[in-house]
Amino acid sequence: MSIRHAYVCGLAFAGALAVAGLAPAQPVGPGPLGPGPVGPGPIGVPPSATLIAPTTIEPPTMVMAWGEQDRQDREKEAEQRERERETRIYDQGREYLDQGKYDRAIERFTDVVSMKGSRADGALYYKAWAQNKAGQRAEALATIAVLSKDYPKSRFLTQAKALEAEVRRNSGQQVRPESESDEELKLLAIAALQNSDPEKAVPLLETLLQGTASPRVKSRALFVLAQSDSTRAREVLKNIAKGNSTPDLQNRAIDYLGTQGGRESRAALAEIYSATPDIDVKRRILRAFMVAGEKDRLLSAAQSEQNADLRAEAVQQLGVMGAHEELWQLYQKETATDVKKRILQAMFVGGNSARLIDLAKTEKNPELRRTAVRNLGIMGSKRTSDALVEIYNTDKDPEIRRAVVNGLFQQGNATALVDLARKEQDPGMKKDIVSKLSVMGSKDPVVMQFMMELLSK
């Protein structure tokens, strides 16, 4: 695009915005000389060129305020992002342990400890484990002491005490920082047991899981147990899933019960769900139900769970499964607006545009109707675009119509917005549409043609 063309386009947009009521109509003084935001400004810039500065164009990321519930949702999302960040750093530390990069693992676990989140006690244990492997035995003992003092109820304490005994026993001996050959031999032995006599291997694997082996070896041992058809192996796996080990191994055991085995494994998960007070464990089990295809159990949790976050988790997992009928059943029975909004979100996750279109047209609650409209805007298909235009033309609620405009803007549907703006008689609503179009850029010929039409009036 030439400088002159860019300048002319800028004037066209500024003039169109003024016509639409987005900028003051009176001159605001002569324009500046010399370089401007779109290239060299000519001598004696006409007053209209300065109209770009005082416009009230909304930035592309600006969205409507959706009330107190949405503010709370954003706060929860921020907390969730912080938890995910903690988990990411924690997992990086675990990966460094597996790779024998103990110094890096210590750094990562130190970061997690400083966050004082739900994984701090596990990070202290693995930090001490890495310090011991790196030959930093005094530091390892100090870290274990912090774990015992600050987290006296931690489920890592049993293994931390075993680690402490090992560190003290090895003090004075020559340090072997990595012992990679020992680890590899253990992994090879576990693989051999898996392929030969799993029944005899169960007691050995159970002892290994209770000891101070590396996370990689323990993960492999747990995998072997999960593959076994042995009654004893299933019992050990179930006990670990109940929490009779570290949280890390418990999470893996829950995942294995969701992916391995059949009805018995899923019944074990349901039993654990009913018995545990741990919200994170319950959430993990709900996700395992999703993997196992347990729609009925998720539906039951969504209907009867007392904890609102867990009900929302169950609803979300139903959405991931594409459980359209179950979600519709929940929506019809639910009376709380906040819960219904979560169900609408699950419908969006499951791609149920047909139901969302229907609710966007027929739902009596304006807030829920706006939520449905917003989700349709994010889905971004021709079907949803056509539905949004239809809703705009038939719905009399200004907030619903503004939600439609936002949705079409998110979809980048300039053609539909131009068509709506041409027909719109309400100055305020037309201003909102033109504002969105002005942000979408002058490269779209449909937008530019419309702006020129506004200038010609």
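Reader: Where is the place of serine 385?

Author: In this predicted model, serine 385 sits in helix 20, which spans residues 382–394.

Reader: Why is serine 385 called buried?

Author: Its relative accessible area is 8%. Buried means under 20%, so serine 385, at 8%, counts as buried.

Reader: What is serine 385 in contact with, leaving aside its neighbours within four places in sequence?

Author: With Leu408, Gln411 and Asn413. Contact requires heavy atoms within 4.5 Å.

Reader: How far apart are serine 385 and valine 404, in sequence and in space?

Author: They are 19 residues apart in sequence, and their C-alpha atoms are 9.2 Å apart in space.

Reader: Turning to helix 5, how do you know that its reach is close to the expected one?

Author: Helix 5 covers residues 137–150 and has 14 residues. The expected span is 1.5 Å times one less than the number of residues, which comes to 20 Å for helix 5, and from first C-alpha to last the helix reaches 20 Å.

Reader: Which residues of helix 5 are buried, and what puts them on the same side?

Author: The buried residues are Arg137, Ala140, Thr143, Ile144 and Leu147. They cover an arc of only 115° around the axis, and therefore lie on the same side of helix 5. An α-helix has 3.6 residues a turn, so residues three or four places apart point the same way.

Reader: What do the buried residues of helix 5 pack against, and which residues are exposed on the other side?

Author: They pack against helix 4 (120–133) and helix 6 (157–170). On the other side of helix 5, Ala138 and Lys149 are exposed; that word is kept for a relative accessible area over 50%.

Reader: What makes helix 10 roughly parallel to helix 12?

Author: The axes of helix 10 (residues 231–242) and helix 12 (residues 263–275) cross at roughly 30° and come within 10 Å. Angles under 35 degrees count as roughly parallel, so helix 10 is roughly parallel to helix 12. The crossing is right-handed.

Reader: Which residues meet between helix 10 and helix 12?

Author: Helix 10 contributes Arg234, Lys238, Ala241 and Lys242, and these meet Ser265, Ala268, Glu271 and Ile272 in helix 12.

Reader: How many helices and strands does the protein have, and what share of its residues counts as buried?

Author: There are 24 helices and 2 strands. Of the 457 residues, 45% count as buried. Among contacts with a separation of 6 or more, 63% are between residues 24 or more positions apart.

Notes. Residues numbered from 1 in each chain as written. Predicted model: local features only at pLDDT ≥ 70, side-chain atom pairs only at ≥ 80, totals over all residues. Heavy atoms only, no water. Helix = DSSP H or I, 4+ residues; strand = E, 2+ residues; numbered from the N terminus. Buried < 20%, exposed > 50% of the residue type's maximum accessible area, 1.4 Å probe, protein only. Arc of directions from axis to C-beta. Axes fitted to C-alpha atoms, helices over the stretch in contact; angles between N-to-C directions. Parallel < 35°, antiparallel > 145°, perpendicular 65-115°, else oblique. Left-handed = near helix turned anticlockwise from the far one by under 90°.
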